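Subject: Structure handover

Hi,

Here is the structure I promised to pass on to you. Please open it next to this email, and then read on for what turned up.

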Amino acid sequence: MFRFRTITAAAVFALSAGVAGSALAQTTLNFAHTTAQGSHYSVGVQAFGEKLAELSDGKFEIREQAAGALGGERDMIEGLQIGSVELVYSSTGPLGNFAPETLVLDLPFLFKDYAAARSILDGEIGDELLEAVNAQGLVALAWSENGFRHITNSSRAIDAPEDLNGLKIRTMENSVHMEAFSAAGASPTPMAFPEVFAALQQRVIDGQENPIPIITSANMWEVQDHLTLTGHVYSPAIIIASPSLWDSLSDEEKAWFEEAADTAVAATRAKVEEDEQTGVAMLRERGMEVIEEVDQAAFREAVSPAYDTFVGQYGDEMLTRIQAAQE
Ligand code: EAX
């Protein structure tokens, strides 16, 4: 499929009418993500598109492919490698399968709050991890944000880690998350996000875990009764471009894309903050039973074996640096 550098109908018209101008050079780029239109990723993609159009004087146009239109996050990242999609907004869910260095970010209870996570991802450590992604034949433009993840389910109120016993909880396709949920006694079921809603509806799984911006934008209240604000892991997002797009750009154009990515990050973070402010009340109104007071130390303890497994496999150098940066 050849999507890149499609000449739009408007450009064809301009051409045939003999009109000169930037519309002649217009390039439409697909920017894919798995979340709903209007979600925190979606506002990031829109902000990216506006900034890029402004900087390039209309040369580049972004076409948002929302809600998994181009597949799950693993499919989309593979799409970048083969050049079937130009830009992707993804969580780190499947990213560790491409760049294992980034798996450290998925460790539960690693980041103490939003401010710490953002400053670490915006700093030297974040840059090094973007480089690790680039080393895998991808073009990582910026770390963005998904949010602190919480557990929802349709079986029972989860007050303590023991309540997870035997529950089938969908996790991302991420070995660290699977390890954590299995250590806590749940039965982790990895699945791509676009399949999750139907699986919950059909009761193939009992629950899932995601940040408030996802729980609200994916209408999870329709299929989940209980929400526990565990905040068990900070979930970063990443903006990645395809190498075939990147190689076609001049240095000046690359700088436009980088600036547009920064604009997207700011827009997404602002939407995450807004959703954090209003989301829980909205979910309650729609009928979810929400447990806000959580014994985080108990959950931290329950998932701690995931740290031993991780350190055994990947060492503790980056983990220690991330912890030290928050002291
Ligand atoms: O990236 O798969 C997930 O649960 C992610 O949080 C979601 O797709 C947003």
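This is a predicted model: local features need pLDDT of at least 70, side-chain atom pairs count only at pLDDT 80 or more; totals for chains, interfaces and linings use all residues.

**The ligand**

Which residues are around the ligand? They are T34, T35, Y41, E73, S91, N146, R149, R170, M172, F193, N210 and I214. For R170, a polar side-chain atom lies 2.7 Å from an oxygen atom of the ligand. In Y41, an N or O atom of the side chain is 2.8 Å from a ligand oxygen, and for R149 the corresponding separation is 2.9 Å.

**The nonpolar cores**

The largest nonpolar core has 37 residues, and the ones touching the most other members are V104, F111 and I322. Two or more residues of this core come from each of α3 (73-82), α4 (114-122), α5 (124-134), β4 (139-153), β8 (226-241), α12 (305-314) and α13 (317-324). There is also a second, separate core of 25 residues, with L87, A142, I239 and F257 among them.

Leaving aside residues up to four places away in sequence, F111 touches L105, A116, A117, I120, F148, Y234, I322 and Q326.

Three of those contacts, A116, A117 and I120, belong to the buried residues of α4. Also buried in α4 are Y114, R118 and L121. What covers the buried residues of α4? The cover includes α5, β4, β8, α10 and α13.

**Helix α10**

That brings us to α10, which runs over residues 251-285 and has 35 residues. From its first C-alpha to its last, α10 reaches 50 Å, close to the expected 51 Å. Along the way, α10 bends by about 45° at T278. After the helix comes G287, whose phi is positive, near 105°.

The C-alpha atoms of E61 and F31 are separated by 10.0 Å, and the two residues are 30 residues apart along the chain.

Enjoy exploring it!

Best wishes

Terms used:
Residues are numbered from 1 along each chain as its sequence is written. Side-chain values use heavy atoms; hydrogens and water are left out. Helices (H or I, at least four residues) and strands (E, at least two) are DSSP runs, numbered from the N terminus. The expected span of a helix is 1.5 Å times one less than its number of residues. The bend at a residue is the angle between axes fitted to the seven residues ending there and the seven starting there. A nonpolar core is a set of buried Ala, Val, Leu, Ile, Met, Phe, Trp, Tyr and Cys residues joined through side-chain atoms within 4.5 Å. Buried means under 20% relative accessible area, exposed over 50%, partly exposed in between (1.4 Å probe, protein chains only). Contact means heavy atoms within 4.5 Å. A residue is near a molecule or strand if one of its heavy atoms lies within 4 Å of it. A polar contact is a pair of N or O atoms within 3.5 Å; within protein, one must be able to donate a hydrogen and the other to accept it, and residues adjacent in sequence count only if both atoms are side-chain atoms.
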